Amino acid sequence: MKMNVGIIGCGSITEFRHAPEYTNHPHVKDVFFYDRNLDRAKRLASIFNGKVVDEMEQMFKDSSIHAISDCSSNESHHIVTTQALLNDKHVLCEKPIANTISDAEKMIKTAKESGKILMIAQNQRFTKAHKKAKELIHSGILGKVLTFKTSFGHKGPEHWGVTKSNATWFFKKERSFIGVAGDLGIHKVDLLRYLLNDDIEEVSSFQGALHKKNEEGSPIEVCDNIVGILKTKKGALGTASFSWTYYGDGDDSTIIHLEKGCIKINHNPQFDIEITTIDGKKQTYQYDANHHDTNSGVIDNFVDSIIHQRQPLVTGEDGLASLKVIMAMVKSAETRTVVMV
């Protein structure tokens, strides 16, 4: 089976993830590009030998296009994805699924009613290190999970976004809505749910716009840092730190402490995974294809789900569950209270 795919939104995530992975996929024939800035669409269509669509509605109405990647900014996900589903397209929606829980619920409802696949692009589930860590945790060899800590941070979207500017939409309240929490935090929340096979039910958090300034030199409207304490339904306790102000080395690490040892993921630059058991024995894993590899695995899983008509690894329900945790973290920070998810 060969399918045509449309991409809506031609920023960095499209250029470095969606477009190259679709272009290199053996079951994808043509890739169509749309962006409100037509020059961006034309540029990527030229790079990836794709086709430009002048109006978004054209992409929805084109029956030759089987699936859509919604790479629009956060505030548009519920609009773009819903319209695509209503026009008989499978949808891969970038994270977060939406800016509100009610919008996310409507998107999931539309997907069910349309019979089309809705996948959320939470890419951390797909790395070899995270898959191996999940296997180790669920083998039971180290006992049950007791505590954890996870961190995800870099120097900020103004350094890698398509505009390379402090005017980036990520800094705008009406567009990104929850800042670094929705950009980086939601990745790690989804990863924790995946690794632990558990849900976070209680959070206590602090947040702030500690350093980022907008194009006018004023503090940004959303958080550039958020830290939280998390409790899962099974009783594990952990911490989470998400930042746009890691100006030296970034951090994309997770440590799981279990009854008989600990698993450190992306903690040591030399190894993807380090295991230390309670009696001091050590084991390490290193993969050629790590979390910086060109192929994220997301597109492969999405296309495979369409071909075989089965649920993707990250469903709309998964996206909603992670959004609820992130929203609870933001609410906790705003109200200075412990919040139940």
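**View 1. Which residues in helix α4 (residues 77-86) are buried?** In this predicted model, local features need pLDDT of at least 70, side-chain atom pairs count only at pLDDT 80 or more, and totals for chains, interfaces and linings use all residues. Residues are numbered from 1 along each chain as its sequence is written, and side-chain values use heavy atoms, leaving out hydrogens and water. Now for α4: His77, Val80, Thr81, Thr82, Ala84 and Leu85 are buried. Here, buried means under 20% relative accessible area, exposed means over 50%, and partly exposed is anything in between (1.4 Å probe, protein chains only). Helices (H or I, at least four residues) and strands (E, at least two) are DSSP runs, numbered from the N terminus. The buried residues of α4 pack against β1 (3-8), α3 (56-61), β4 (65-70), β5 (90-93), α5 (101-114) and β6 (118-120). After α4 comes aspartate 88, with a positive phi near 70 degrees.

View 2. Look for Ala41, Leu44 and Ala45, the buried residues of α2. An α-helix has 3.6 residues a turn, so residues three or four places apart point the same way. Turn to the other side of α2 and you find Asp39 and Ser46, which are exposed. The buried residues of α2 pack against α1 (12-23), β2 and β3 (51-52). Just after α2, asparagine 49 takes a positive phi of about 55 degrees.

**View 3. Aspartate 30 sits in strand β2 (residues 28-34).** Which residues does aspartate 30 contact, leaving aside its neighbours within four places in sequence? They are Met3, Asn4, Val5 and Lys51, where contact means heavy atoms within 4.5 Å. Isoleucine 65 is 35 residues from aspartate 30 in sequence, and their C-alpha atoms are 8.7 Å apart in space.

**View 4. Five aromatic pairs are found in the structure.** Two rings of Phe, Tyr or Trp (its six-membered ring) pair if their centres lie within 6.5 Å; planes under 30 degrees apart count as stacked, over 60 as edge-to-face and the rest as tilted. Take tryptophan 160 and phenylalanine 170: their ring centres are 5.5 Å apart and their planes are at 65 degrees, so this pair is edge-to-face. Both residues lie in the loop between β7 (145-153) and α7 (173-176), so the pair ties together parts that are ten residues apart in sequence. Tryptophan 160 is partly exposed at 31% relative accessible area, whereas phenylalanine 170 is buried at 10%. Next up is the pair of phenylalanine 171 and tryptophan 244, which is tilted, with 5.5 Å centre to centre and 50 degrees between the planes. This one links distant parts of the chain, 73 residues apart: phenylalanine 171 is in the loop between β7 and α7, and tryptophan 244 is in the loop between β10 (237-243) and β11 (251-258). Phenylalanine 171 and tryptophan 244 are both buried.

**View 5. Helices α6 (residues 128-139) and α8 (residues 179-196) cross at roughly 40 degrees.** Their axes come within 8 Å; axes are lines fitted to C-alpha atoms, for helices over the stretch in contact, and angles run from 0 to 180 degrees between N-to-C directions. α6 and α8 are therefore oblique to each other (under 35 degrees counts as roughly parallel, over 145 as roughly antiparallel, 65 to 115 as roughly perpendicular, and the rest as oblique). On the α6 side, the contact is made by His130, Lys131, Ala133, Lys134, Ile137 and His138, and on the α8 side by Lys188, Leu191, Tyr194, Leu195 and Leu196. Lysine 134 also lies over the face of tyrosine 194, at 4.5 Å from the ring centre. A charge sits over a ring if NZ of Lys or CZ of Arg is within 6 Å of the ring centre and within 35 degrees of the ring normal. Lysine 188 lies over the face of phenylalanine 152, at 5.5 Å from the ring centre.
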